[in-house]
Amino acid sequence: MVTLFDVKQAAVRLYKDKKYSFVIVLAISFGLAISLFLYAQVHTRLLTDLPFVDGDKIVYVSRFERERQRLNGGLQDYDAYYFQQRQTTLDTFTTVEDRGFTVATESSTHQVWGVATTSVLFQLTNEAPLLGRTLLPSDDLPNAAPVLVISYSAWKRVFQGDTSAVGRTITVDGKPTTLVGVMREGYRFPTNEDAWLSYVPPQASVDAVSGWLGIMGKLKPGISVAQADEEFKRLAAELERDHNKIYMGKSVKVETQTQVRATPIMLMTQVMTVVAISVLLMSCFSVTSLVIVRMLSNAKEAAIKNALGVSAKKIMLLPLVESFFLYAVAGALGLLFCALAIEYAAGFVVSEWDPFWWQLSFNQPIVFAGLGFLVIAWLITGIVPVLMATSKRFYRQLNSGKKGGAGNQTGKLMNSVVALQVACTFVLMLFTGVAFSSFYNVLNTDYGFNSENLLTSFIKLPPSKYAELTDRVNFYEKLGDEFSRIPGIQQVTFAAAIPGRYGYLSTVNSTEIDLTNSGEYLQATEIPIADNHFKTMGLHLLEGRAFTPADGESAELVVIVGAKLAKKLSPHGSAIGKKMHLNPDKSGPLLTIVGVAPDLVYGPPISFFESSMETIYRPMRQILPVWAGVYLIAKTDGDPFQWTDSLLKTARIVDAQVALEEPHSMEEVLADNASRFEMLLFNFMPATLLAFIMSALSIYAISARVMLQRTNDIGVMKALGIDDQRITRLFMRDTYIKLCSGLILGALCFALFLPGIMSQLIVVSYWSIIGIAISVTLVLSVLVIFASRIPLFQAHRLSPQEAINKI
């Protein structure tokens, strides 16, 4: 039983040994804070449920490609109708279509991102609006007038929080629409939407190939996600069987809404989990080493007490009380440091584009996790050393009067601890080095063009006002002419995608060579462009010609292809003049190749499917879907930001119902692709630094322990005339074994993650990883060897007599 005297004695001992207490508290608190900070992010992304009743039963149905085993694209109008008529696992069923709405009031025009959906969507969450109402079943009727519900943030931005805006008729995508409601602050379901427009997909035929939908619903009582997934896969198989040309290789996947959003970042969160566990374990290993070394340094005192009849349990009670004190203080500091880190970093690690329920905060689950981490760490670093020390072997060696008498058993354990710490540090340092290299590579990616002095913005035309292709083309030509009159604007062009951003997905095939693979058509990024696109981008075609005004709707359908695709379409000669089949799975048209363009990088420059896909360019005069947004690209005389306000004002003059997104420089847009790696670095850097320090601390402590055990042996060696260099070689042999064991173990652990991270997180070659691994190995080797030699240098300073007499 712990008495007040035991508590006072433990406090006095810790106060006297301030350095030991400070190092222990620092190691535990920082290890806990970093591990908990990483866990908080994992918990936010993977374990946080939708903040609604039965939120875990809300599911999302996505298109799934069997061959590539990935989610890809939306469902068609016919799919939604087919599934709705036959499914039996969902209690409620609705469609959602992502859209960018152009919302125009009497005084301003804004782009607002949201979904076109039915009233059922609000039944899923059963949330009451802040003002007005949500969508009603009457809004889903065929001839119902369009109505709009907006988020709290959109209400503040578009209407400046005017309560009288509800009930007002505004223009949405060129159509008169009634604003009927405003949702509470923070409500942005299903993901991060700001507007909900009433819309019911038409009952299209299968051959119409229209729509780009997602399906949402709530599982019936007693139905699991797996059962719903099985049913929808069966229905998708029926479609593929009956309409193989359209649905070849296509299936669906049912997941909870939280799973859908977590899947793309699953690998990253798994890596963060491993890092969190590694940091916590390293802190435990380091503290364990220090505790054991301290107990061994007090071995003589413990042996005397034991010889006087004090029980082993009583002797070891004091270290337990000490460790409890240290963990209480360190735990409080660790939780405080974590809370401060979360408050500081919440806006950085979770962006405005992330799902609305991803709110990084220091909440009850995080506190409970922190207390759990503390208990685990205390069991490892407080109780385990005491149990080891109370063994009979330990006391037999204590009674021999030798310092450090834990002997070979403890030595083997400590050697294993060092090897594990070296392995953990190696993995963390290698991850950080690779993330740094990836960050650098993304920032310095050659996208295939010169981005200097280019300004870009996104435009989405109201479909009802610009329903005809001619009207859309005329608008962009007029807008380009007006922009070109602005002093300092050299050229203006338009494209459905820009480098670093995704185009829309199409399939292609040659009329001469079958490019299908296991029944799958070759995929390409399709990008409608203006005639002067390549000239404005500073590019020259490799072959053929650019588009001209003659390439109109009634002219021959033409296409410019990227260099990689041209080589596939015509491996033994020029592709110019040859035909290619666009979207053969949807009975698409034949296109004549008139030009070959340099390959650019569309999408983030990672080893992911779309950024490495082939590219085709089509003239806007022949194809520009009514639903497609377009990027404005302006070549300027200097700093692009000088012309931001001029572009926004000019666009409103051309058409007050059309809104431009806030313009950005092309360099800024491309730099945004590095944001994923910025977050990785933000998480890995503190963990790696702590791991580095903990490794040095633990290795030094264990080396000091070895010196405590072997000081007498060193004295004897010196007395026998053995020089310091030979003694050093003898004692460093174990260090080299521990170092090599740790490096090999770390390399094996990293290799397990390598295939996954090469495809999703990393933008470096295998040779670069090998180079980084060699650098990390050298740095870590210097650390281990230096930390091991410090106690040895101290032992060399003793004379043979001093070393022999040192007990």
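1. Asn453 counts as partly exposed, because its relative accessibility is 22% and that class begins where the buried class, under 20%, ends. Please note that the model is a predicted one. Asn453 lies in the loop between helix 14 and strand 12 (454–459). Its phi is near 60°, which is a positive value in a residue other than glycine. For context, most residues other than glycine have a negative phi, and most peptide bonds are trans.

2. Gln160 also deserves attention for its backbone. Its phi is positive, at about 55°, although Gln160 is not a glycine. The residue is placed in the loop between helix 5 (152–159) and strand 7 (169–172). With a relative accessibility of 60%, Gln160 counts as exposed.

3. A further backbone feature concerns a peptide bond. The bond from Phe189 to Pro190 is cis, with omega near 10°. Pro190 belongs to the loop between strand 8 (175–182) and strand 9 (195–198).

4. The chain as a whole may now be described. It contains 23 helices and 22 strands. Of its 807 residues, 54% are buried. Among contacts with a separation of 6 or more, 81% are between residues 24 or more positions apart.

5. Val434 is found in helix 14 (residues 407–443) and is buried, with a relative accessible area of 1%. Val434 and Ile769 are separated by 335 residues in sequence, yet their C-alpha atoms are 6.6 Å apart. Val147, in strand 6 (residues 147–150), is buried at 6% relative accessibility. Val147 and Ser198 are 51 residues apart in sequence, with 5.7 Å from C-alpha to C-alpha. Leaving aside residues up to four places away in sequence, Val147 touches several others, including Arg133, Leu135, Thr177, Trp196 and Ser198.

6. When residues up to four places away in sequence are not counted, Thr258 touches Thr48, Asp49, Leu50 and Trp357.

7. How do helix 3 and helix 6 lie relative to each other, and at what angle do their axes cross? The axes of helix 3 (residues 77–86) and helix 6 (residues 225–242) come within 11 Å and cross at roughly 125°. The two helices are therefore oblique to each other, and helix 3 passes helix 6 in a right-handed crossing. Helix 3 contributes Tyr78, Asp79, Tyr82, Phe83 and Arg86 to the contact, and helix 6 contributes Glu231, Phe232, Leu235, Ala236, Glu238 and Leu239. By class, the residues of this contact are seven nonpolar, four charged and no polar.

8. Strand 18 (residues 579–582) shows an alternating pattern of side chains. Strand 18 pairs with strand 14 (residues 504–510) in the antiparallel sense over three bridges, and with strand 19 (residues 590–597) in the antiparallel sense over three bridges.

9. Are the faces of strand 20 covered or uncovered? Both faces are covered: Glu614, Ile616 and Arg618 are buried on one side, and Thr615, Tyr617 and Pro619 are buried on the other. Because six of the six residues of strand 20 (residues 614–619) are buried, the strand is largely enclosed by the rest of the structure.

10. The partners of strand 20 complete the description. Strand 15 (residues 522–529) runs parallel to strand 20 and is joined to it by six bridges. In this pairing, Ile527 stands opposite Tyr617. Strand 17 (residues 558–562) pairs with strand 20 in the antiparallel sense over two bridges, and Val561 stands opposite Ile616.

Methods. Residues are numbered from 1 along each chain as its sequence is written. This is a predicted model: local features need pLDDT of at least 70, side-chain atom pairs count only at pLDDT 80 or more; totals for chains, interfaces and linings use all residues. Side-chain values use heavy atoms; hydrogens and water are left out. Buried means under 20% relative accessible area, exposed over 50%, partly exposed in between (1.4 Å probe, protein chains only). Helices (H or I, at least four residues) and strands (E, at least two) are DSSP runs, numbered from the N terminus. Two strands pair if DSSP finds at least two bridges between them. Axes are lines fitted to C-alpha atoms, for helices over the stretch in contact, and angles run from 0 to 180 degrees between N-to-C directions. Angles under 35 degrees count as roughly parallel, over 145 as roughly antiparallel, 65 to 115 as roughly perpendicular and the rest as oblique. A crossing is left-handed if the near helix is turned anticlockwise from the far one by less than a right angle, and right-handed if clockwise. Contact means heavy atoms within 4.5 Å. Ala, Val, Leu, Ile, Met, Phe, Trp, Tyr, Cys and Pro count as nonpolar, Asp, Glu, Lys and Arg as charged, and the others, Gly among them, as polar.
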